[in-house]
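Dear colleague,

Please find below the structure that I am handing over to you, followed by a short account of what was found in it.

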Amino acid sequence: MGTVQARGLRKAFGDVQALDGVDLDVPDGSFFVVLGPSGAGKTTTLRAIAGLEQLDEGSVHLDGRDATADTPAARDLAMVFQSYALYPRRTAYENIASPLRARKASADEISTAVAEVSSLLHIERLLQRRPAQMSGGEQQRVALARALVRRPRAFLMDEPLTNLDLKLRVEMRTELTRIHRSLGGTFVYVTNDQVEALSMADQVAVLREGRVQQVGTPTDVYERPANQWVAGFVGSPRISLLACRAEGDRLVGEQGWSLPRPRWTTAEDGRPLLLGLRAEDVSVETRGTAALPGEVYGLEPLGDRTVVDVKVGSEMLKVKARPTVAGVPGERVEVAVDLDRAHIFDADTGLALSTAGR
Amino acid sequence: MAISIDEAVPAPVTDDAPTARRRGGTARRVIEVLLLVIIAVAMLFPVLWMLETSIKENRDVYAVPAKFFNFDFTLDHYKDVFVAQGGGRSDLSGSFLNSVIVAGASTVLATVLGVPAAWAYSRFTLKAKKDQLFFILSTRFMPPVVVVIPIFLMYRELGLIDSKLGLVLIYAAFNVPFTIWMMKGFVDEVPAEYEDAAMLDGYTRLQAFRKFTLPLLVPGIAATAVFALIFSWNEFVFAIFLTSSQEVRTAPPAIAGLIGGTTVDWGLVAASAVVFALPVLVFAYLVRKHLVAGVTLGAVRR
């Protein structure tokens, strides 16, 4: 079992700076998720940890030891690839046995370990099949088994669920959490799916354009986003951002509205700010002391809830409501705001303003 | 003046067109077949003539007008290809053996050098990779005859004139660029992730290539090697310039050498030409699937 540390990883592909100083600290035994949009450098980070990518700068430490110069084999890691990368000419059994064969395990050890991991993943009946004879979900399980058959320092997973259909993906999420709990071990898990990150992670690192934006628990990242970009990337529907300024004990919107200034906001008067409101922290169904005037722009029924788009001046605000909510476009509404849960960002730097005390 | 889309683009073929085509179908088919037969006969006539000549008695070979069907059948010419007049092995059979050795060795050499190079060019980021590949290809731009004199002079200095090793080296030199280019296409088709996965399994990079990628390249290697083999087997220019002795001479110059002098034994020429052409045909037939795949690339299933 082990820890993984990345220090100042830098890597350029031609003109594209894929990694621009990435630092990560993955604690022993944690489920660590690297979250970011496509092109953020997530996969490159993972490949750099695995030793598959030559770094321009920076170092990778495994169990506290500098492993930057080590070959992938010497790093003692296991990886699940997004494409699964199952060896096409070999049966599932041989695929799963491959890491053990490479490390010269005895035939007995191999058959015991393969039997164990296949029962863990319920793939016993697939063992004699070749990848082409399996469905995507089955291939995914075999790829997972190939990683889990050993006890490496850490398991690296590169968007392993991306190529599955939605139902299977939800199933595998629970399954992976169960596996992590029962096996222990350090998991470094890369995804662009915030639901995966929030539901599975002990810790999340949010990556954008080759830089780490924030590291923290899923609650940290969701409740206390470090900046405007993280707030916008994590959470669905997207957080609404309204331009405003602090004036005395009021928060005055560019669109003419005014709200009581949250106690914890440290911004000096007149500085351009963004008020971030998540859809569940505003309501068109209740009344509150703080409210924004707006008009209904559209309704988006999602079954268990309805998202109401409210136009506040020329800005759009997403409001979560019960599925039974009524409203016609053009109707004037008061949007109650839970100011204790509001986020304030500096409009110039995008940084969250003193959310630490909350 | 603006042209509307309708004017600029021809209207789609209307529904009655296929019917019209079907009505004229039979006549069209007949013309097609007829033309193809004419072309085939014209193209294959030298081959047919060669086959016929090789099994005709000598007096029928020279008969005027030529005897197409009612000639006397004999296999003596084929015997003469392999057996000398007074018994024992003929000179020609020695040349065929030389051809086998030279073509085989140069193909093996080109494959052994070219396949790993193709893998490297496909997998690694190298400085000026495109320029390097273009340089490699550029060695094939000119016909061999252009460089035959410099090569001759170099070989004379090196003592490679009139040696099988010399021919093997020059054929390999011509086949390596070809092998690299053709094999690079095949390697590109095999996802690099198999090797990545193998390295994480605990294999070294070379083991990952040998155990996981190489087996997937076998069809490509077979197709490439056959092309290289056919080139070396057929090569004439270097063979005739760089070799002189009977012990070294390969089949193409040896067969050409039969023509000339006061009398030409056309039966023997034809028979040896048939024997010379057979291996190429057999090889091409054996790997015909891969040949098509090799020409079109994309032969390796993901």
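In chain A, strand S14 (residues 272-277) and strand S20 are joined by 4 bridges and run in the antiparallel sense. Within this pair, Gly276(A) has His343(A) of S20(A) as its bridge partner. Two strands are said to pair if DSSP finds at least two bridges between them; helices (H or I, at least four residues) and strands (E, at least two) are DSSP runs, numbered from the N terminus.

Before going further, please note that this is a predicted model, in which local features need pLDDT of at least 70 and side-chain atom pairs count only at pLDDT 80 or more, while totals for chains, interfaces and linings use all residues. Residues are numbered from 1 along each chain as its sequence is written, and chains are lettered from A and ligands numbered from 1 in the order in which they are written.

The sheets of chain A

The pair described above belongs to an open sheet of 5 strands with antiparallel pairing, in the order S13-S12-S11-S14-S20 (chain A). Strand S13 (258-260) and strand S20 (343-346) of chain A are at its edges; each has a single partner strand, so one side of each has no neighbour in the sheet. On average, neighbouring strands of this sheet are turned by 40 degrees against each other, direction ignored. Angles run from 0 to 180 degrees between N-to-C directions, and axes are lines fitted to C-alpha atoms, for helices over the stretch in contact.

A further open sheet, of 6 strands, has mixed pairing and the order S6-S7-S8-S3-S9-S10 (chain A). Its edge strands are S6 (77-80) and S10 (211-216) of chain A, each pairing on one side only. Strand S3 (residues 31-35) and strand S8 (residues 186-191) of chain A run parallel and are joined by 5 bridges; Thr191(A) in S8(A) is the bridge partner of Leu35(A). Helix H5 (residues 136-148) of chain A packs on this sheet, where H5 touches S6 and strand S7 (154-158) of chain A, and the direction of H5 makes about 175 degrees with that of S6(A).

The domains of chain A

The domain assignment, which is automatic or from a database, divides chain A into domain 1 (4-226) and domain 2 (230-346). Their C-alpha centres lie 38 Å apart. In the contact between the domains, 9 residues of domain 1 of chain A meet 6 residues of domain 2 of chain A; residues are in contact if their C-beta atoms, placed from the backbone, lie within 7 Å. On the domain 1 side, S10 and helix H8 (218-223) of chain A each supply at least two residues.

In chain B, helix H3 (residues 25-54) and helix H14 (residues 266-286) pack at an angle of about 120 degrees, with their axes 7 Å apart. Residues of H3(B), Met50(B), Leu51(B), Thr53(B) and Ser54(B), meet residues of H14(B), among them Trp266(B), Ala270(B) and Val274(B).

Between the chains, 13 residues of chain B are in contact with 17 residues of chain A. Helix H10 (193-201) and helix H11 (205-234) of chain B are the elements that give two or more residues to the chain B side, and the largest share, 7 residues, comes from H10(B).

Yours sincerely

Key:
Two residues are in contact if their C-beta atoms, placed from the backbone, lie within 7 Å.
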